[in-house]
Amino acid sequence: MKKYIILIGDGMADNPVEALSGKTPLEAAEKPVIDALCKKSMLGSVRNVPALLPPGSDTAILSIFGCDPNRYFTGRSPLEAAGCGISVLPGDISYRCNMVTFSEEDVPLEEKRILSHNAGNIDAETSIALITELCADPEFKQKMDAIGLRIEPTPSFRHIAIQRGGDTENMLAAPPHDHLGEVCGSLIMSGNENAMALRELMVLANRKLEYHPLNEQRRKDGKLPANGIWFWAEGTAVQLPNFESAYRHFGSVISAVPLVHGIAALCGLKPVSVEGATGEIDTNYAGKIEAAKKCLLSDDDFLCLHIEAPDEATHNGRLDHKLLAIRQLDELVTKPLTEFLADEGIDYRMLVLSDHKTLMSTRGHDGDPVPFFLYDSTKQEGSGLSYTEKNGLRGPFMEAGTQLLDLLFAE
């Protein structure tokens with residue numbers, strides 16, 4: 001049975017970087033296996049994020065999975081909630097609730113800066129402990145109850161808040177990872193009365209968490225404190241089209257990110273979690289490859305393997321980590337995966353791409369087209385070019401990422 005694979009290096013596409021003498025990270029990074037495959041592949045570029053929608057993995061990966069974001073995107077958080085096994089019912093509003101780090105000046109929250117969108121890569125145990133204690137605080141709980149809100153902890157910096165009722169009309173809430181180092185004032189929840197109530201909770205959380213013993217210990221250990229929460233990515237319940245019904249293929253999705261698992265689950269695919277998968281450069285690559293092998297040896301014919309590390313490295317402003325993440329994608333993912341397929345004698349078609357650009361210049365997302373290549377193990381002719389943004393523009397251009405699956409499954 002031929003296998004169909006999508007390999008996503010989240011946010012690995014970029015613009016030229018001055019520190020790399022005008023090269024992009026994809027141009028500068030060592031990735032011999034990926035480049036060798038690309039030379040034998042169809043190479044082009046694709047716009048995964050529709051022009052009028054916010055750039056991010058939510059809109060981009062919906063497109064890659066064949067779901068038009070213009071039709072199905074109701075907000076990021078409901079997708080993530082699905083990936084965490086949290087139901088968003090009709091009439092509910094779901095929000096992402098990040099553990100974040102604010103600057104520590106003695107000023108109102110609106111005048112503080114966002115230092116980290118993930119509280120310095122906070123560990124799961126500390127993150128859960130802090131959000132659980134915060135929600136149990138009588139004053140905080142009273143304010144949550146007054147607006148019908150509850151917060152569901154998850155084992156990361158990404159918690160999920162569910163509000164029964166509420167109003168999102170004219171609500172504004174910026175993604176914190178796109179505004180690192182900036183003052184909160186114009187970015188924090190605003191736009192209507194409900195947003196102001198959520199803002200009050202953020203202000204109160206900052207006061208409750210600032211000198212929490214766990215944060216004092218983090219400071220002593222040289223880590224950033226998780227001294228705040230950030231509500232954003234509001235959205236309502238969504239139903240996505242069934243993958244198997246639409247494409248006559250079925251399989252699994254391996255990722256460390258609840259958003260990706262949520263899209264998979266809502267499409268009827270099987271989300272696969274791997275112990276030790278962090279979404280960072282320390283993720284359990286070997287575990288992901290072992291999980292991929294099991295999927296490929298099963299009766300499933302489709303596999304998506306999502307690697308978050310390049311995106312997180314960029315948000316953290318670590319060019320060295322972004323280059324390392326791309327090299328790891330080549331050496332620790334693509335190489336063992338393709339060697340396994342060859343050893344097993346499995347014919348396959350594999351689509352390799354970045355879902356969106358994440359820019360070292362801004363540490364935020366960008367919706368410009370990204371390069372992709374489609375490799376077919378039964379063919380040897382191809383572009384003759386390495387995998388870069390510039391080379392992608394020399395091949396065919398696909399206006400919508402929703403076309404990619406038809407390309408992958410074409411014979």
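**Exercise 1.** State how the lining of the second largest pocket divides by class.

*Solution.* The lining has ten nonpolar, five polar and four charged residues. Here Ala, Val, Leu, Ile, Met, Phe, Trp, Tyr, Cys and Pro count as nonpolar, Asp, Glu, Lys and Arg as charged, and the others, Gly among them, as polar. Strand β7 (residues 228–235) gives the most to this lining, with three residues; strands are DSSP runs of E of at least two residues, and helices are runs of H or I of at least four, numbered from the N terminus.

The structure is a predicted model, in which local features need pLDDT of at least 70, side-chain atom pairs count only at pLDDT 80 or more, and totals for chains, interfaces and linings use all residues. Residues are numbered from 1 along each chain as its sequence is written, and side-chain values use heavy atoms, without hydrogens and water.

**Exercise 2.** Determine whether Val-370 is buried or exposed, and list its contacts beyond four places in sequence.

*Solution.* Begin with the location: Val-370 lies in strand β14 (residues 370–376). Next, consider accessibility: Val-370 counts as buried because its relative accessibility is 1% (buried means under 20% relative accessible area, exposed over 50%, partly exposed in between, with a 1.4 Å probe and protein chains only). Finally, leaving aside neighbours within four places in sequence, Val-370 is in contact (heavy atoms within 4.5 Å) with Ala-13, Gly-44, Ser-45, Val-46, Asn-48, Ser-354, Asp-355, His-356 and Lys-357.

**Exercise 3.** Identify the buried residues of helix α8.

*Solution.* Helix α8 comprises 17 residues, 193–209. Its buried residues are Asn-194, Ala-195, Leu-198, Arg-199, Leu-201, Met-202, Leu-204, Ala-205, Asn-206 and Leu-209.

Technical notes: The expected span of a helix is 1.5 Å times one less than its number of residues.
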